[in-house]
Amino acid sequence: MKPLFAVLLAVFAAVLICAVPLNADPTPKPKPKASTESQLPVARLVPGNPGHVYSPYAKGKIIDVAPPTVVGGRTVQVRMKRGQVVLCPYTDKMFRVP
């Protein structure tokens with residue numbers, strides 16, 4: 001009788017372990033809201049002119065997104081990274097670098 005009880009107990013325990021996932025969330029999590037930064041328009045690259053983009057706000061206006069910067073007495077070109085937020089000098093509105 002004892003071996004049958006032990007087998008039934010082991011089967012019952014196995015069913016309980018398999019029936020309940022260990023990392024199950026009791027409630028679904030809401031999707032994160034899109035940040036205002038991800039909703040900013042993306043500028044277009046100027047063909048044949050690296051480091052320059054068309055302003056998404058001022059039609060036909062070109063913006064240098066690789067302005068020369070003085071570092072340690074030397075002038076170097078510092079390119080903005082893809083997706084970086086930049087201020088349009090014509091409209092004072094923010095946009096993202098492509």
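Tutor: Contact means heavy atoms within 4.5 Å. The model is predicted, so local features need pLDDT of at least 70 and side-chain atom pairs count only at pLDDT 80 or more, while totals for chains, interfaces and linings use all residues. Residues are numbered from 1 along each chain as its sequence is written, and side-chain values use heavy atoms, with hydrogens and water left out.

Student: Which residues does S55 touch, not counting residues up to four places away in sequence?

Tutor: They are K61, I63 and C88. S55 itself sits in the loop between β2 and β3. Strands are DSSP runs (E, at least two residues), numbered from the N terminus.

Student: Why is S55 called buried?

Tutor: Buried means under 20% relative accessible area, exposed over 50%, and partly exposed in between (1.4 Å probe, protein chains only). S55 has a relative accessible area of 8%, so S55 is buried.

Student: What does the side chain of S55 reach?

Tutor: The side chain of S55 reaches the backbone nitrogen of A58 at 3.0 Å. A polar contact is a pair of N or O atoms within 3.5 Å; within protein, one must be able to donate a hydrogen and the other to accept it, and residues adjacent in sequence count only if both atoms are side-chain atoms.

Student: How do you know that β2 and β3 pair?

Tutor: Two strands pair if DSSP finds at least two bridges between them. Strand β2 (residues 52-54) is joined to β3 by 3 bridges, so the two pair, and they run antiparallel.

Student: What makes β1 and β3 edge strands?

Tutor: The open sheet has 3 strands in the order β1-β2-β3, with antiparallel pairing. β1 (44-45) and β3 (62-64) each have a single partner strand, so one side of each is left without a neighbour in the sheet.

Student: Which residues make up the largest nonpolar core?

Tutor: A nonpolar core is a set of buried Ala, Val, Leu, Ile, Met, Phe, Trp, Tyr and Cys residues joined through side-chain atoms within 4.5 Å. The largest has 8 residues: A43, V53, I63, V65, V86, C88, F95 and V97. Leaving aside neighbours within four places in sequence, I63 is in contact with residues including V53, S55, C88 and F95.

Student: Why is D92 called exposed?

Tutor: D92 has a relative accessible area of 59%, which is over 50%, so D92 is exposed. D92 lies in the loop between β6 (85-87) and β7 (94-96).

Student: What is the phi of D92 near?

Tutor: The phi of D92 is near 60 degrees, a positive value in a residue other than glycine. Most residues other than glycine have a negative phi.

Key. Helices (H or I, at least four residues) and strands (E, at least two) are DSSP runs, numbered from the N terminus.
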